[in-house]
Amino acid sequence: MPDRNSTITWRVPLTQPPVIADLGIGLHGVDRQVDDWCLPDLWSLHLYGYTGELEVCGTVIPIAPGRVSLVPPGVATRYRYQGESRHLFAHVRLSAQAGEDCPKLPAMMDCGADLPRIRDRFQTALEARSRLPQLARAELWSMLSLLSARQSSRYDDASGLHPSVRAALSHIEAHLSEPMSVASLARGVGLSHNHLTRLFRAQLGTTVVAHIRNRRMHRAHHLLTRTALSVKSVAPMVGFTDLQTFNKAFRKVYGVGPRSIRDRVANHPFEEDAAPAVALDWSYSQGR
């Protein structure tokens, strides 16, 4: 099944939405550091928030935050962890057989500038699965289509971002719900606090703190407009333990409080919410 070039790839049928067999958050590397898996009739899709290794078809592929793996039914995999390891996962059935006209996707993909959108779609699918299963299927289908479009255009290869900046952006997206400081982020990507700050300013036109805040607010806005989650539930999902602080931060970016957004969607569920007046996605600085 794999195309054995420099990268293992699969033909993926995307003409219809996937049927979801399982969807959730996986936590591994606690009791053991190696896991073997093989799903006989399901595709396996993972969005990673950790560093490790995936072995598939005899090839060892690095796992890093912000990467996505896709493995077809019946293909054995081995995961090697480096301590506690968390990821979003979906086990799905794709209704059609993979033919020559189906797009090729690698076993491992770097989300690059599209990580915020890919993560949003995965997270929304997870939150919508019980109450809105058709939305969950549509979100995963959209995410797979976006990954396919990335491979055909290969536009992220020319992003020009410093590798440590890309690593920092991936870490931020994978840990929006957790406490985060510039100093700890800089240590994690092997730079000094000042060096990372200068790179963000030069390449993204913003500060590290401002980027984290904007990504949290963007994520909160997405959850409030695309799911039925309450404001109280959304706040800790974007790193706020104090509801008053969350309300103040959200109002500063969007001009209204999060409860106003939530109530507007509840009263008008089929209305598109107005786009924010500020650029919240770092990809704008790359001319996307």
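In helix H8, Phe246, Ala249, Phe250, Val253 and Tyr254 are buried (under 20% relative accessible area, with exposed meaning over 50% and partly exposed in between; 1.4 Å probe, protein chains only). These residues cover an arc of only 115° around the axis, which puts them on the same side of H8. The arc is that of the directions from the helix axis to the C-beta atoms. The model is predicted: local features need pLDDT of at least 70, side-chain atom pairs count only at pLDDT 80 or more, and totals for chains, interfaces and linings use all residues. Residues are numbered from 1 along each chain as its sequence is written, and side-chain values use heavy atoms, with hydrogens and water left out.

H8 spans residues 243-254 and has 12 residues. Helices (H or I, at least four residues) and strands (E, at least two) are DSSP runs, numbered from the N terminus. From first C-alpha to last, H8 reaches 16 Å, close to the 16 Å expected at 1.5 Å a residue. The expected span is 1.5 Å times one less than the number of residues. Both ends of the helix were also examined. At the start of H8, a side-chain oxygen of Asp242 reaches to within 3.4 Å of the backbone nitrogen of Gln244. Just after H8, Gly255 takes a positive phi of about 85°.

Charge pairing was searched next. Side chains of opposite charge can pair when their charged atoms come close. The whole structure holds 11 salt bridges (a side-chain nitrogen of Lys or Arg within 4 Å of a carboxyl oxygen of Asp or Glu). One of them joins the side chains of Arg129 and Asp22, at 3.9 Å from N to O. Arg129 lies in the loop between helix H1 (115-128) and helix H2 (133-153), and Asp22 in strand S3 (residues 19-28), so this pair ties together parts that are 107 residues apart in sequence. Arg129 is partly exposed, at 29% relative accessible area. Asp22 is also partly exposed, at 32%.

A salt bridge also links Asp41 and Arg93, with the closest N and O atoms 3.6 Å apart. Asp41 sits in the loop between strand S4 (34-37) and strand S5 (43-48), and Arg93 in strand S10 (residues 85-93), so the pair ties together parts that are 52 residues apart in sequence. Asp41 has a relative accessible area of 43% and is partly exposed. Arg93 is partly exposed at 39%.

The pair Arg215 and Glu173 is buried. Their closest N and O atoms are 2.6 Å apart, in a salt bridge. Arg215 belongs to helix H6 (residues 208-226) and Glu173 to helix H3 (residues 163-174), so the pair ties together parts that are 42 residues apart in sequence. Elsewhere, salt bridges link Glu53, Glu55 and Arg80 in a network.

Glu55 is also among the contacts of Thr77. Thr77 is found in strand S9 (residues 77-81). Thr77 is buried, at 7% relative accessibility. Leaving aside neighbours within four places in sequence, Thr77 is in contact (heavy atoms within 4.5 Å) with Asp35, Asp36, Trp37, Leu54, Glu55, Val56 and Val71.

The search of the whole structure finds 0 disulfides (pairs of cysteine sulfur atoms within 2.5 Å). Cys102 is buried at 9% relative accessibility. Cys111 is buried too, at 0%.

Note on methods
Polar contact = N/O pair within 3.5 Å; in protein donor to acceptor, adjacent residues only side chain to side chain.
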